[in-house]
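These are my notebook entries on a single protein chain. I record below what I looked up, topic by topic.

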Amino acid sequence: MADLVSIIIPCYNCELYVSECIESALHQSHNNIEIICINDGSNDGTEEILNKYSKKHENIVVHHIPNAGASAARNLGFDKSSGQYIQFLDADDILELNKIEKQLSGFGQDVDIVVSDYETFSVDLANKINKKTFEKIENNALEVAITSVISTINPLYRRSVISENRYNENLSCAQDWEFNLRLVLMGYNFKYVSGNGFKIRRTENSVSSNWLKVSNVQIEILNSLCIDIKSNPSYNSRVAAYIARIIYNAAVHGKQDISKAACSIFTWVDKPIDFFLSSKKNKLGNLFGLKLLLRIDQWRSK
(Lines give C-alpha, C1' and ligand atoms only; values in the text may rest on other atoms or scores of the structure.)
Protein backbone atom coordinates (compact mmCIF):
# COMPACT_ATOMS: atom_id res chain seq x y z
CA MET A 1 0.00 0.00 0.00
CA ALA A 2 1.14 3.55 -0.74
CA ASP A 3 2.54 5.60 2.13
CA LEU A 4 -0.04 7.34 4.30
CA VAL A 5 0.12 11.15 4.17
CA SER A 6 -1.48 13.21 6.93
CA ILE A 7 -2.92 16.56 5.82
CA ILE A 8 -3.31 18.87 8.82
CA ILE A 9 -5.61 21.90 8.49
CA PRO A 10 -5.92 24.52 11.26
CA CYS A 11 -9.32 26.19 10.86
CA TYR A 12 -10.37 29.53 12.33
CA ASN A 13 -13.40 31.43 11.01
CA CYS A 14 -12.83 30.14 7.49
CA GLU A 15 -16.37 29.26 6.42
CA LEU A 16 -15.90 31.04 3.07
CA TYR A 17 -12.92 28.97 1.94
CA VAL A 18 -12.56 25.78 3.95
CA SER A 19 -14.78 23.62 1.72
CA GLU A 20 -12.65 24.36 -1.34
CA CYS A 21 -9.53 23.71 0.71
CA ILE A 22 -10.77 20.31 1.94
CA GLU A 23 -11.93 19.34 -1.55
CA SER A 24 -8.41 19.99 -2.87
CA ALA A 25 -7.09 17.61 -0.21
CA LEU A 26 -9.72 14.95 -0.83
CA HIS A 27 -9.05 14.81 -4.56
CA GLN A 28 -5.29 14.35 -4.43
CA SER A 29 -3.94 11.93 -7.04
CA HIS A 30 -2.18 10.21 -4.13
CA ASN A 31 -5.23 8.75 -2.46
CA ASN A 32 -3.84 7.23 0.75
CA ILE A 33 -4.43 10.29 2.91
CA GLU A 34 -5.96 11.25 6.21
CA ILE A 35 -7.24 14.77 6.76
CA ILE A 36 -7.10 16.20 10.26
CA CYS A 37 -8.99 19.46 10.78
CA ILE A 38 -8.45 21.42 13.99
CA ASN A 39 -11.30 23.84 14.59
CA ASP A 40 -9.44 26.53 16.52
CA GLY A 41 -12.34 28.14 18.36
CA SER A 42 -14.21 29.37 15.28
CA ASN A 43 -17.36 31.42 15.90
CA ASP A 44 -18.74 31.41 12.36
CA GLY A 45 -20.04 28.47 10.33
CA THR A 46 -16.71 26.63 10.19
CA GLU A 47 -17.64 24.02 12.82
CA GLU A 48 -20.79 22.98 10.98
CA ILE A 49 -18.95 22.62 7.67
CA LEU A 50 -16.20 20.51 9.23
CA ASN A 51 -18.68 18.24 10.98
CA LYS A 52 -20.50 17.60 7.70
CA TYR A 53 -17.26 16.57 6.02
CA SER A 54 -16.23 14.27 8.87
CA LYS A 55 -19.60 12.50 8.78
CA LYS A 56 -19.37 12.01 5.02
CA HIS A 57 -15.70 10.93 4.75
CA GLU A 58 -14.06 8.30 6.93
CA ASN A 59 -10.61 9.73 6.35
CA ILE A 60 -11.52 13.17 7.75
CA VAL A 61 -11.20 13.70 11.49
CA VAL A 62 -12.20 16.93 13.23
CA HIS A 63 -11.07 18.15 16.64
CA HIS A 64 -12.66 21.19 18.27
CA ILE A 65 -10.54 23.26 20.67
CA PRO A 66 -10.69 26.73 22.29
CA ASN A 67 -8.83 29.30 20.23
CA ALA A 68 -5.10 28.75 20.68
CA GLY A 69 -3.62 29.96 17.38
CA ALA A 70 -2.52 28.29 14.17
CA SER A 71 0.79 26.98 15.56
CA ALA A 72 -0.90 25.23 18.48
CA ALA A 73 -3.49 23.79 16.08
CA ARG A 74 -0.75 22.43 13.79
CA ASN A 75 1.08 20.86 16.72
CA LEU A 76 -2.11 19.22 17.98
CA GLY A 77 -2.96 18.05 14.48
CA PHE A 78 0.40 16.32 14.25
CA ASP A 79 -0.16 14.63 17.61
CA LYS A 80 -3.41 13.21 16.23
CA SER A 81 -1.86 12.10 12.93
CA SER A 82 -0.56 8.72 11.79
CA GLY A 83 1.03 9.40 8.39
CA GLN A 84 4.60 8.65 7.41
CA TYR A 85 4.58 12.06 5.70
CA ILE A 86 3.08 15.33 6.89
CA GLN A 87 1.41 18.05 4.84
CA PHE A 88 0.29 21.24 6.60
CA LEU A 89 -2.44 23.18 4.83
CA ASP A 90 -3.99 26.56 5.64
CA ALA A 91 -7.77 26.61 5.40
CA ASP A 92 -7.90 29.33 2.75
CA ASP A 93 -5.32 27.75 0.42
CA ILE A 94 -5.62 25.05 -2.23
CA LEU A 95 -3.48 22.03 -3.10
CA GLU A 96 -2.92 21.28 -6.77
CA LEU A 97 -4.27 17.86 -7.75
CA ASN A 98 -0.88 16.11 -7.89
CA LYS A 99 0.95 18.10 -5.22
CA ILE A 100 1.51 15.26 -2.80
CA GLU A 101 2.19 12.63 -5.47
CA LYS A 102 4.86 14.80 -7.12
CA GLN A 103 6.57 15.67 -3.88
CA LEU A 104 6.57 12.07 -2.66
CA SER A 105 8.53 11.20 -5.81
CA GLY A 106 11.28 13.56 -4.63
CA PHE A 107 12.08 11.62 -1.49
CA GLY A 108 15.26 9.61 -1.44
CA GLN A 109 17.06 8.01 1.45
CA ASP A 110 18.79 11.27 2.40
CA VAL A 111 15.85 13.68 1.79
CA ASP A 112 13.87 15.04 4.73
CA ILE A 113 11.71 17.74 3.17
CA VAL A 114 10.46 18.34 -0.38
CA VAL A 115 9.32 21.73 -1.67
CA SER A 116 7.87 23.02 -4.95
CA ASP A 117 6.78 26.28 -6.56
CA TYR A 118 3.52 28.08 -5.93
CA GLU A 119 1.27 30.87 -7.16
CA THR A 120 -0.49 33.59 -5.20
CA PHE A 121 -3.98 34.64 -6.28
CA SER A 122 -6.57 37.25 -5.40
CA VAL A 123 -9.17 36.21 -2.84
CA ASP A 124 -11.57 35.06 -5.58
CA LEU A 125 -8.77 33.18 -7.40
CA ALA A 126 -9.56 35.20 -10.54
CA ASN A 127 -6.24 37.04 -10.75
CA LYS A 128 -2.74 35.65 -10.35
CA ILE A 129 -0.59 38.02 -8.29
CA ASN A 130 2.77 36.30 -8.53
CA LYS A 131 4.63 33.02 -8.80
CA LYS A 132 7.40 31.88 -6.50
CA THR A 133 10.01 29.26 -7.32
CA PHE A 134 12.29 27.41 -4.92
CA GLU A 135 14.68 25.84 -7.42
CA LYS A 136 17.72 27.30 -5.61
CA ILE A 137 16.97 25.65 -2.27
CA GLU A 138 19.26 22.70 -2.93
CA ASN A 139 22.20 25.04 -3.57
CA ASN A 140 21.68 27.31 -0.54
CA ALA A 141 18.76 26.44 1.72
CA LEU A 142 19.76 29.12 4.25
CA GLU A 143 19.57 31.92 1.69
CA VAL A 144 16.20 30.72 0.39
CA ALA A 145 14.77 30.26 3.90
CA ILE A 146 15.71 33.80 4.93
CA THR A 147 15.04 35.75 1.76
CA SER A 148 11.82 33.91 0.88
CA VAL A 149 8.97 32.46 2.89
CA ILE A 150 8.79 28.68 2.74
CA SER A 151 5.05 28.84 3.25
CA THR A 152 3.32 26.46 5.64
CA ILE A 153 1.65 24.65 2.76
CA ASN A 154 4.78 24.22 0.62
CA PRO A 155 6.84 21.41 2.20
CA LEU A 156 6.02 17.76 2.46
CA TYR A 157 7.85 16.49 5.55
CA ARG A 158 9.01 13.12 6.71
CA ARG A 159 7.20 12.35 9.94
CA SER A 160 10.49 12.22 11.85
CA VAL A 161 11.15 15.90 11.08
CA ILE A 162 7.97 17.03 12.82
CA SER A 163 8.41 14.47 15.62
CA GLU A 164 11.66 16.22 16.51
CA ASN A 165 10.45 19.80 16.02
CA ARG A 166 7.31 21.81 16.73
CA TYR A 167 5.87 25.11 15.64
CA ASN A 168 6.64 27.96 18.05
CA GLU A 169 3.32 28.76 19.71
CA ASN A 170 4.60 32.03 21.17
CA LEU A 171 4.95 33.83 17.82
CA SER A 172 2.14 36.12 16.64
CA CYS A 173 3.21 35.83 12.98
CA ALA A 174 6.06 34.55 10.75
CA GLN A 175 5.62 31.09 12.28
CA ASP A 176 6.27 29.27 9.00
CA TRP A 177 9.32 31.44 8.27
CA GLU A 178 10.81 30.71 11.69
CA PHE A 179 9.95 27.01 11.62
CA ASN A 180 11.57 26.23 8.28
CA LEU A 181 14.56 28.48 8.97
CA ARG A 182 15.10 26.49 12.16
CA LEU A 183 14.97 23.25 10.19
CA VAL A 184 17.59 24.56 7.77
CA LEU A 185 19.90 25.50 10.63
CA MET A 186 19.45 22.03 12.14
CA GLY A 187 20.77 20.50 8.93
CA TYR A 188 17.70 18.83 7.46
CA ASN A 189 18.03 18.08 3.76
CA PHE A 190 15.66 19.90 1.39
CA LYS A 191 14.79 18.64 -2.10
CA TYR A 192 13.18 20.69 -4.90
CA VAL A 193 10.56 19.24 -7.25
CA SER A 194 9.60 21.57 -10.09
CA GLY A 195 6.06 22.69 -10.85
CA ASN A 196 3.31 24.49 -8.96
CA GLY A 197 2.19 22.59 -5.91
CA PHE A 198 -0.49 24.85 -4.54
CA LYS A 199 -2.33 28.17 -4.67
CA ILE A 200 -2.21 30.78 -1.92
CA ARG A 201 -5.23 33.01 -1.55
CA ARG A 202 -4.32 36.59 -0.62
CA THR A 203 -7.00 37.67 1.83
CA GLU A 204 -7.36 41.19 3.19
CA ASN A 205 -7.01 40.14 6.83
CA SER A 206 -3.96 37.97 6.26
CA VAL A 207 -1.42 38.43 9.06
CA SER A 208 1.40 38.31 6.52
CA SER A 209 -0.02 41.41 4.80
CA ASN A 210 1.05 43.53 7.81
CA TRP A 211 4.66 43.65 6.72
CA LEU A 212 5.89 45.91 9.55
CA LYS A 213 4.55 43.57 12.23
CA VAL A 214 6.05 40.60 10.40
CA SER A 215 9.39 42.38 9.99
CA ASN A 216 9.64 43.15 13.70
CA VAL A 217 8.94 39.54 14.60
CA GLN A 218 11.48 38.40 12.00
CA ILE A 219 14.08 40.67 13.59
CA GLU A 220 13.43 39.08 17.00
CA ILE A 221 13.83 35.63 15.44
CA LEU A 222 17.04 36.62 13.65
CA ASN A 223 18.50 38.02 16.85
CA SER A 224 17.74 34.78 18.68
CA LEU A 225 19.34 32.70 15.91
CA CYS A 226 22.19 35.09 15.08
CA ILE A 227 25.06 32.83 16.16
CA ASP A 228 23.66 29.81 14.35
CA ILE A 229 22.97 31.79 11.17
CA LYS A 230 26.38 33.46 10.98
CA SER A 231 28.20 30.19 11.69
CA ASN A 232 26.28 28.32 8.99
CA PRO A 233 28.52 27.42 6.01
CA SER A 234 25.94 28.88 3.60
CA TYR A 235 25.84 32.30 5.26
CA ASN A 236 26.92 34.90 2.70
CA SER A 237 26.83 38.60 1.86
CA ARG A 238 23.42 38.32 0.17
CA VAL A 239 21.87 36.89 3.33
CA ALA A 240 23.54 39.57 5.46
CA ALA A 241 22.34 42.35 3.15
CA TYR A 242 18.78 41.05 3.14
CA ILE A 243 18.70 40.97 6.94
CA ALA A 244 20.14 44.49 7.08
CA ARG A 245 17.36 45.74 4.80
CA ILE A 246 14.69 44.16 7.01
CA ILE A 247 16.11 45.99 10.03
CA TYR A 248 16.53 49.27 8.14
CA ASN A 249 13.01 49.34 6.67
CA ALA A 250 11.43 48.40 10.00
CA ALA A 251 13.37 51.19 11.71
CA VAL A 252 12.33 53.74 9.10
CA HIS A 253 8.63 52.95 8.96
CA GLY A 254 8.31 51.98 12.61
CA LYS A 255 10.08 55.15 13.77
CA GLN A 256 12.45 53.06 15.87
CA ASP A 257 15.50 54.24 17.79
CA ILE A 258 18.15 55.17 15.23
CA SER A 259 21.23 54.25 17.25
CA LYS A 260 19.81 50.87 18.19
CA ALA A 261 18.82 50.15 14.59
CA ALA A 262 22.27 51.10 13.27
CA CYS A 263 23.95 48.91 15.86
CA SER A 264 21.67 46.00 14.93
CA ILE A 265 22.43 46.43 11.22
CA PHE A 266 26.17 46.39 11.81
CA THR A 267 25.77 43.11 13.67
CA TRP A 268 25.16 41.60 10.25
CA VAL A 269 27.07 43.76 7.77
CA ASP A 270 30.38 45.61 7.76
CA LYS A 271 31.34 49.02 6.45
CA PRO A 272 31.40 50.33 3.77
CA ILE A 273 27.63 50.29 3.36
CA ASP A 274 26.61 48.18 0.38
CA PHE A 275 23.47 46.35 1.53
CA PHE A 276 20.93 48.57 -0.25
CA LEU A 277 19.66 47.41 -3.64
CA SER A 278 20.30 50.91 -4.98
CA SER A 279 23.93 51.88 -5.62
CA LYS A 280 22.90 55.52 -5.13
CA LYS A 281 21.55 54.71 -1.66
CA ASN A 282 24.76 52.92 -0.78
CA LYS A 283 26.78 56.00 -1.82
CA LEU A 284 24.58 58.27 0.29
CA GLY A 285 24.97 55.95 3.27
CA ASN A 286 28.74 56.01 3.00
CA LEU A 287 28.75 59.77 2.44
CA PHE A 288 26.44 60.83 5.27
CA GLY A 289 26.61 57.82 7.59
CA LEU A 290 23.91 55.27 8.36
CA LYS A 291 22.38 57.13 11.30
CA LEU A 292 21.83 60.32 9.33
CA LEU A 293 20.39 58.34 6.43
CA LEU A 294 17.99 56.62 8.84
CA ARG A 295 16.96 59.99 10.27
CA ILE A 296 16.33 61.41 6.79
CA ASP A 297 14.27 58.42 5.70
CA GLN A 298 12.24 58.47 8.91
CA TRP A 299 11.45 62.14 8.28
CA ARG A 300 10.55 61.46 4.67
CA SER A 301 8.22 58.58 5.63
CA LYS A 302 5.99 60.81 7.80
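In which sense do strand E6 and E9 pair, and over how many bridges? I note that the model is predicted. I find that E6, residues 113-122, pairs with E9 in the parallel sense over 9 bridges.

**Entry on strand pairing.** Ile 113 stands opposite Phe 190 in E9. I then turned to strand E5, which covers residues 94-95. E5 pairs with E9, residues 190-202, in the antiparallel sense over 2 bridges. For Leu 95, I find Phe 198 as the bridge partner in E9.

**Entry on helix H3.** I asked how many residues of H3 are buried. I list the buried residues as Ser 71, Ala 72, Ala 73, Arg 74, Asn 75, Gly 77 and Phe 78. I next looked up what covers these buried residues of H3. The cover includes three strands, E1 (5-11), E2 (33-40) and E4 (85-88). It also includes two helices, H6 (159-163) and H7 (175-185).

**Entry on aromatic pairs.** I find 11 aromatic pairs in the structure. One of them joins Phe 88 and Tyr 167, whose ring centres are 5.5 Å apart. Their planes stand at 85 degrees, so I record the pair as edge-to-face. This pair links distant parts of the chain, with Phe 88 in strand E4 and Tyr 167 in the loop between H6 and H7, 79 residues apart. Are these two residues buried or exposed? Phe 88 is buried, at a relative accessible area of 1%. Tyr 167 is likewise buried, at 3%.

**Entry on salt bridges.** I searched the whole structure and find 10 salt bridges. As a general point, side chains of opposite charge can pair when their charged atoms come close.

I first looked up Lys 52, which forms a salt bridge with Glu 48 at 3.6 Å between the closest N and O atoms. Because Lys 52 and Glu 48 are 4 residues apart in helix H2 (residues 46-56), about one helical turn separates them. Lys 52 has a relative accessible area of 54% and is exposed, while Glu 48 is partly exposed at 49%.

I then looked up Lys 128, whose side chain meets that of Glu 119 in a salt bridge, 3.2 Å from N to O. Glu 119 counts as buried, with 10% relative accessibility.

**Entry on Lys 281.** Which side chain meets that of Lys 281 in a salt bridge at 3.1 Å, N to O? I find Asp 297 in that place. The pair links distant parts of the chain: Lys 281 lies in helix H12 (residues 279-288) and Asp 297 in helix H13 (residues 290-300), 16 residues apart. Lys 281 is partly exposed at 24% relative accessibility, whereas Asp 297 is buried at 10%. I also record that Lys 281, Asp 297 and Arg 300 are linked in a network of salt bridges.

I looked up rings beside Lys 281 as well. Lys 281 lies over the face of Phe 276, at 4.8 Å from the ring centre. I close with Lys 271, which lies over the face of Phe 266 at 5.3 Å from the ring centre.

Terms used
Residues numbered from 1 in each chain as written. Predicted model: local features only at pLDDT ≥ 70, side-chain atom pairs only at ≥ 80, totals over all residues. Heavy atoms only, no water. Pairing = 2+ DSSP bridges. Salt bridge = Lys/Arg side-chain N within 4 Å of Asp/Glu carboxyl O. Buried < 20%, exposed > 50% of the residue type's maximum accessible area, 1.4 Å probe, protein only. Contact = heavy atoms within 4.5 Å. Phe/Tyr/Trp six-rings, centres within 6.5 Å; stacked < 30°, edge-to-face > 60°. Lys NZ or Arg CZ within 6 Å of the ring centre and 35° of its normal.
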